[in-house]
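Visitor: Could you walk me through a few side chains in this one? I'm new to this, so please go slowly.

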Amino acid sequence: MARNFYFSEKVRSEINLYEDLIVEALKIYGQDVYYLPRTIVNEDTLLGDDPASQFTASHKIEMYIENVEGFDGEGDLFTRFGVEIRDEATFVVSKNRWSTQVARADNAIQGDRPTEGDLIYLPLSKSMFEIRHVEHEQPFYQIENVPVYKMRCTLFEYSNEDFDTGTTTIDEIERDYAYQYIIGLKSPQKAEASVTVNEAYTSAGVFDSAYSLGGNLTSITLTGGGRYYTYPPTIQFIGGDPDDSAIAVATIDSATGTVNGITIIDSGYGYTSAPTIQFVRGSAIDSNYEVGDNIQQTLSSGVLMTGEVQRYQLDSAGDSNRYLYLAHVGANDGVLRTFSTGIQLVNTTLNHSTGLLVNSVSEVNKLSETEQNAEFTSTYVDDFLDFSENNPFGDPENQ
């Protein structure tokens, strides 16, 4: 027969009290962690794989670590390829807190519960865990309600995922371990020139003390053509205390973007010393690059190369070259390609149409730094393997 409806455990006040007690316990005994929802960028629907995941937000929330004596799992394994860490942990979070703190309407998170593949960053151990399974029916329905999620997680191994969470500690994982291209760029440079002035008491080249000081420009010598000039710069003369300032115009080589000539229009009058020459404007090249910006290069074949700036660095001279460290590099035709020298690099985040020229391209594989081979070789190898044998990984040789 059906239950007596006058007796029921489903009392809203008791359920709310139970949830409040759990939230309070989590706030007392739990740890502050960061929950990172995953965004699938390019899912392989045939094999069900996600080769490129993106994490664009981090949400701070309290969770309880159910492990008592340490992380679960197989722990630290010493293999022929290095030290492999297989830690596991179970995190407990209040359903009510997760829905109000993480799955808010303005966060645009898909789903109404934690999702397998999302990440949890634990500041206590400075480690990242990936959710493998979400248990939503423990404890069972003793009071007609399950107040928590239990997330069984394994230690996350970074594999070129895109972190743009806004939390510096988390985003540095990408900057430290992503496979990167180092792109050398030619920095903008102004043209340079030297000026000579006639300070003699002369007229038509004949000395006469009755004539006043002429003080006019006699020549301008171009010592450096500069870079990236798209139209002739304006020439200004600074100092020299002239009664009448000189006037000169510059010409450029549009193919190379350099100043290739200077013509004196008016030599001026009254200069007591040589003025300083300055080249003003003359370039429409955009040279602003910042960490997090997306860049693009159009190859001679028309293929577009793209990447994300991880680090921006000037060279030791400070004015000749600058370097961009790029991650998540790819071509729009799906073929493995690299950047080309002599072609400009454009900042698409700032909607630039021009950019600086690439003069060097190199690659750095930082993913291998997570293998800890150096620590294994220098610290543990003699305790586990005898490398004096021909095959230390095989059967012992006959003595």
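Visitor: Is Phe163 buried or exposed?

Guide: This is a predicted model, and in it Phe163 counts as buried, because its relative accessibility is 1% and buried means under 20%.

Visitor: And how do the rings of Phe156 and Phe163 sit?

Guide: Their centres are 6.4 Å apart and their planes lie at 90°, so the pair is edge-to-face; Phe156 is buried, as is Phe163.

Visitor: How many aromatic pairs are there?

Guide: The count comes to ten aromatic pairs. One of them joins Phe55 and Phe163, which are stacked with 5.3 Å centre to centre and 20° between the planes.

Visitor: What does the pair of Phe55 and Phe163 tie together?

Guide: Phe55 belongs to strand β3 (residues 53-55) and Phe163 to strand β10 (residues 162-163), so their pair ties together parts that are 108 residues apart in sequence. Phe55 counts as buried because its relative accessibility is 2%, and one aromatic cluster is formed by Phe55, Phe156, Tyr158 and Phe163.

Visitor: New topic: where is Asn347 found, and is it buried or exposed?

Guide: Asn347 is in strand β23, which covers residues 344-347, and Asn347 counts as buried because its relative accessibility is 0%.

Visitor: Which residues does Asn347 touch?

Guide: Leaving aside residues up to four places away in sequence, Asn347 touches Asn288, Tyr289, Asp293, Asn294, Ile295 and His352.

Visitor: Last one: what sits over the ring of Tyr325?

Guide: That is the charged end of Arg311, 3.9 Å from the centre of the Tyr325 ring.

Terms used:
Residues are numbered from 1 along each chain as its sequence is written. This is a predicted model: local features need pLDDT of at least 70, side-chain atom pairs count only at pLDDT 80 or more; totals for chains, interfaces and linings use all residues. Side-chain values use heavy atoms; hydrogens and water are left out. Helices (H or I, at least four residues) and strands (E, at least two) are DSSP runs, numbered from the N terminus. Buried means under 20% relative accessible area, exposed over 50%, partly exposed in between (1.4 Å probe, protein chains only). Contact means heavy atoms within 4.5 Å. Rings of Phe, Tyr and Trp (its six-membered ring) pair if their centres lie within 6.5 Å; planes under 30 degrees apart count as stacked, over 60 as edge-to-face and the rest as tilted. A charge sits over a ring if NZ of Lys or CZ of Arg is within 6 Å of the ring centre and within 35 degrees of the ring normal.
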